[in-house]
Amino acid sequence: MDLIIDKYFVLLYAKKKKRSYMIRFFRFIILLFLLAFTVSSVSAQQNSIIRGQHKVKKKETIFGISRMYGLTIEELIKANPEMNAPDYELKKGMVLNIPFSKDSQETVVKSAKQETEVKTVQLVDDVRNRSIRLGVMLPLHNINGDGRRMTEYYRGVLMACDSLKKQGLSIDVHAWNTAEDGNINSILSDPAAAKCDLIIGPLYSKQMDALSAFITKHDIRLLIPFSINAPQLTTNRNIFQVYQSQNEQNEAIFAHFIERFKDYHTVVIDCNDSTSKKGPFTFGLRRQMEQRAMDVVVTNLKSSESNFSKAFSKTKPNVVILNTGRSQELGVAFSKINGLKANNPEFDITMFGYTDWLLYTRTYLENFYKYNTYIPSVFYYNPLSPSTQRFERKYRQNFRGDMQNSLPRFAITGFDHAYFFLKGLHKYGKAFNGAEGMFGFPPLQTPLKFERYGNGGLRNRTMMFVHYRPDHTTETIKF
C-alpha cells in the first residue's frame with residue numbers, strides 16, 4: 001500500500017469518539033420499528049412503484065421522456081393520471097412521476113425485501129454511530145503537476161478532517177498513491193479500502209471501471225472531484241461527480257444571461273484572437289438571443305472610435321461580451337471602452353466575462369467594479385475574505401509554505417469537498433445525497449448542489465455569477 005503522508009499530515013488525523021450506549025440502544029430500537037413498517041408496506045407498493053421525478057425541460061415530449069427512462073408511453077401516463085385529460089399539454093417546469101417499467105417492478109420489490117433483511121445487521125454499523133472511514137485514491141507524489149496538485153488537494157481534505165474533529169466528529173483517513181501508471185486493482189485489494197464509507201478519486205478515467213465495480217460490491221460512496229470521463233455515472237447510484245461539461249455550463253449560463261439581460265442591448269466585440277476557444281459560447285448565445293429577438297450587435301476591437309461607438313445604445317443599458325478570454329485583449333478592450341465612456345458619459349455599460357477573468361482580478365479589479373462586471377463560474381476564490389485568509393494562514397502553519405498560485409486553489413477545493421461530504425455522512429448516514437439545503441455549509445470557494453442523473457449517480461449542478469458592483473463590493477449569484 002502506497003500511503004502518502006508528510007510529517008505535517010499526522011497531526012490532522014482524527015481519533016474515534018465514544019458514544020453513549022443508551023443513545024445507540026434507543027436509536028437501534030427506533031430503526032427496527034421503521035424497518036418493520038417498511039417490510040409491511042413493500043407488497044402494498046408493488047402495483048405503484050415510483051422510481052423518481054422528472055422536471056420537464058423546454059421542447060421535451062412525452063415520447064422523449066418515456067424513451068429517456070426506458071418506459072412505454074402507457075406506463076408514464078399510468079403514473080401521471082392527469083395526462084389522460086383531453087386538454088392536457090406538457091409544459092416546461094412540470095414535474096412528472098417516473099415509474100419503474102413493468103418488467104423491472106418485480107425485481108425492484110424483490111430487492112426491497114432483500115434490503116430489509118440485511119438492514120437489521122447494518123444498523124449496528126451505521127456511519128452516524130462511529131468513525132467515518134474516508135479513503136483518498138489520487139496521485140499523491142512530487143513527480144509531476146498532477147501529483148503536486150493532488151497532494152495540495154489532499155492537504156485540504158485533512159484540514160477539513162481536523163476542523164470537523166474539533167466539532168466532535170471522528171474520521172479515520174486512509175490514502176493511496178493512485179498514480180496514472182499504477183495498478184488500481186492492487187490498491188483495491190487492501191482490506192482497508194473495502195471498509196471505506198467514502199472514497200475520493202480517481203483522477204484518471206481508466207481507473208473508473210475497477211472502482212465503480214468495487215464501490216457497488218462494498219456499498220461505498222465515490223466522489224469524483226475533477227473533470228474525468230466517467231460513463232459509469234449513468235448507472236451507478238453510488239457515484240458523485242463534481243465536474244460539469246462545458247456544454248452543460250454554457251446552457252445554464254445562456255438561460256440566466258437571457259433572463260438577467262433581456263432588456264439590454266448586447267455588444268459582442270471581435271478581438272481578432274485566432275487562438276480563442278470562446279467561439280462556441282458566443283455563437284450559441286447569439287443564436288438564442290436572436291431567436292428571442294433580443295438586441296445584439298457585433299463590432300471589432302480594431303474599429304475606429306466612430307464605428308465602435310455606433311455599436312452601443314444610448315437609450316438602453318449595454319452588456320459587452322468579448323470573443324476571447326485572454327488578458328491582453330481584455331486590457332485593450334477596457335482601454336477602448338474607457339475612451340468611449342469618456343466621450344459618451346451617458347452610455348450605461350456592463351461587462352460579461354469568462355471564468356478565465358478571475359485570474360486577472362488583481363490587474364483589472366477597478367475596471368471590473370467600474371463596469372458592473374459579471375463572470376460566470378463554478379467557483380469563486382476571494383483572497384479578501386476573512387475565512388479565506390484564516391485558511392491560508394492555517395495552511396502555511398501546517399505545511400510550511402503557500403498554496404500553488406492556481407485557480408481554483410486546490411487545497412481549498414479539497415477542504416470544501418471533504419467538509420461537505422463528511423458533515424453530510426455524519427448527519428444523514430448513507431442517505432446523504434448532496435441535495436441543496438440538507439445542512440448549512442458556507443463553502444470557502446466551491447459550492448455544491450447535487451442532483452440525480454437519470455437513474456444513475458449524482459452530479460453537481462451549481463453555477464454562479466461573480467458580480468463586481470460599482471460600489472466596490474462583490475457578490476456571488478448562485479443558480
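These legends go with a set of close-up views of a predicted model. Local features need pLDDT of at least 70 and side-chain atom pairs count only at pLDDT 80 or more, while totals for chains, interfaces and linings use all residues. Residues are numbered from 1 along each chain as its sequence is written, and side-chain values use heavy atoms, leaving out hydrogens and water.

**View 1. Helix α15 and its end.** Here is α15, residues 410–428; helices (H or I, at least four residues) and strands (E, at least two) are DSSP runs, numbered from the N terminus. With 19 residues at 1.5 Å a residue, α15 should span 27 Å, and its end C-alpha atoms do sit 27 Å apart, in agreement. That expected span is 1.5 Å times one less than the number of residues. Of its 19 residues, 15 are buried, so α15 is largely enclosed by the rest of the structure; buried means under 20% relative accessible area, exposed over 50%, and partly exposed in between, with a 1.4 Å probe and protein chains only. Just past α15 comes Gly429, with a positive phi of about 65 degrees.

**View 2. α5 packed against α15.** Helix α5 (residues 145–165) meets α15 at about 40 degrees, their axes 7 Å apart. Axes here are lines fitted to C-alpha atoms, for helices over the stretch in contact, with angles running from 0 to 180 degrees between N-to-C directions. The two helices are therefore oblique to each other; under 35 degrees would be roughly parallel, over 145 roughly antiparallel, 65 to 115 roughly perpendicular, and the rest is oblique. Residues in contact (heavy atoms within 4.5 Å) include Tyr153, Gly156 and Val157 from α5 and Phe415, Ala418 and Leu422 from α15.

**View 3. α12 packed against α13.** This pair has an angle of about 45 degrees and axes 11 Å apart, so α12 and α13 are oblique to each other. α12 passes α13 in a left-handed crossing. Ser327, Leu330, Gly331, Phe334 and Asn338 of α12 make the contact with Tyr364, Asn367, Phe368 and Lys370 of α13.

**View 4. Salt bridges at Arg326.** A salt bridge puts a side-chain nitrogen of Lys or Arg within 4 Å of a carboxyl oxygen of Asp or Glu. Asp273 and Arg326 form one, with the closest N and O atoms 3.5 Å apart. Asp273 sits in the loop between β8 and α10, and Arg326 in the loop between β10 and α12, so the pair ties together parts 53 residues apart in sequence. Asp273 is buried at 12% relative accessible area, whereas Arg326, at 36%, is partly exposed. Arg326 also bridges to Glu329 at 2.6 Å, N to O, and Glu329 is buried at 8%.

**View 5. The Lys278 to Asp356 bridge.** Lys278 and Asp356 form a salt bridge with their closest N and O atoms 3.0 Å apart. Lys278 is in the loop between β8 and α10 and Asp356 in the loop between β11 and α13, so this pair ties together parts 78 residues apart in sequence. Lys278 is buried at 18%; Asp356, at 28%, is partly exposed.

Key:
A crossing is left-handed if the near helix is turned anticlockwise from the far one by less than a right angle, and right-handed if clockwise.
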